[in-house]
Amino acid sequence: MAGLLALSRTIDRANEFIGKWVSWLILLAILVSAANAIIRKVFDISSNAWLELQWYLFGAAFMLAAAYTLKQNEHIRIDVVYGLFSRRVQHWIDLLGHILFLMPFVTLMVIYFVPYVSLSFRSGEMSNNSGGLIIWPAKAILLVGFFLLALQGISEIIKKIAIMRGDMDDPNPFISAHEQAELEAKALADEVRS
């Protein structure tokens, strides 16, 4: 188990680095959007390439940070139902969800995206929009994003098994929305008192 936990830590570190780095792509997308709007209004010049670049940057931030979001345990689930169960049952729900739903999905996406990206790259596929960008980088970002998500899925499965076996502490203990609100209210009251 020690070797698997070392692999999990390596995957976690890589996805944390990538996730934090790509957050800057949102700022870059905003700057491109602002510059494009200013140029369009002031000089009456427009370019589909600038619009597509915004989409590429936002899509890259979304796809490349998906694994980081999973690592941070920030993916969407129905906490109202999830919170009704004991922590042990929650771990089983997470483990089975990763094994039965996440991993088959991301594995299929990686398998299907390899020829999709390869064909786009070899053909030099371009946007249908006049003055648009080449398409293969956007498709490659999808492939890389699903690959990183698959790696993070493996890491999460390793960690869930280790937690359930007692080989490691739970890095993301579940706190219901009600408990979180109580903690925030208590912290706020303590801050006001001091």
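Asp-44 is exposed, with a relative accessible area of 70% (exposed means over 50% relative accessible area, buried under 20%, and partly exposed in between, with a 1.4 Å probe and protein chains only). The residue lies in the loop between α2 (24-43) and α3, where helices (H or I, at least four residues) are DSSP runs numbered from the N terminus. Most residues other than glycine have a negative phi.

The model is predicted: local features need pLDDT of at least 70, side-chain atom pairs count only at pLDDT 80 or more, and totals for chains, interfaces and linings use all residues. Residues are numbered from 1 along each chain as its sequence is written, and side-chain values use heavy atoms, with hydrogens and water left out.

**Salt bridges**

- The structure holds ten salt bridges, each being a side-chain nitrogen of Lys or Arg within 4 Å of a carboxyl oxygen of Asp or Glu.
- Glu-16 takes part in a salt bridge with Lys-20 at 3.0 Å, N to O; these two residues are separated by about one helical turn because they are four residues apart in helix α1.
- Lys-20 is partly exposed at 45% relative accessibility, and Glu-16 is partly exposed at 22%.
- Glu-16 also forms a salt bridge with Lys-71, the closest N and O atoms being 2.8 Å apart.
- This second pair links distant parts of the chain, with Lys-71 in helix α4 and Glu-16 in helix α1, 55 residues apart.
- Lys-71 is buried, at a relative accessible area of 14%.
- Arg-87 and Asp-170 form a salt bridge in which the closest N and O atoms are 2.9 Å apart.
- That pair spans 83 residues, from Arg-87 in helix α6 to Asp-170 in the loop between α7 and α8 (177-193).
- Arg-87 is partly exposed at 23% relative accessibility, and Asp-170 is partly exposed at 23%.
- A network of salt bridges links Asp-12, Glu-156 and Lys-159.

**Pocket and cavity**

- On a 1 Å grid over the protein atoms alone, a cavity is a set of points where a 1.4 Å probe fits but cannot get out, a pocket is an open set with protein on both sides within 12 Å along at least five of seven lines, and lining residues have an atom within 4 Å of a point.
- The largest pocket has a volume of about 370 Å³.
- This pocket is lined by 15 residues, of which Leu-70, His-75, Ile-76, His-98 and Leu-102 are the closest to its centre.
- Helix α6 gives the most to the pocket lining, with six residues, and the lining comprises nine nonpolar, four polar and two charged residues.
- One cavity of 30 Å³ or more is found in a search of the whole structure.
- The largest cavity holds about 120 Å³ of space; it is lined by 14 residues, and Asn-73, Asp-94, Glu-156, Lys-160 and Asn-172 are the closest to its centre.
- Helix α7 provides the largest share of the cavity lining, four residues.
- The lining of the largest cavity has three nonpolar, four polar and seven charged residues.
- In these classes, Ala, Val, Leu, Ile, Met, Phe, Trp, Tyr, Cys and Pro count as nonpolar, Asp, Glu, Lys and Arg as charged, and the others, Gly among them, as polar.

**Helix α7**

- Ile-157 lies in helix α7 and counts as buried at 15% relative accessibility.
- The C-alpha atoms of Ile-157 and Gly-83 are separated by 20 Å, the two residues being 74 residues apart along the chain.

Technical notes
Points joined across faces, edges and corners; volume = space filled by probe spheres on them.
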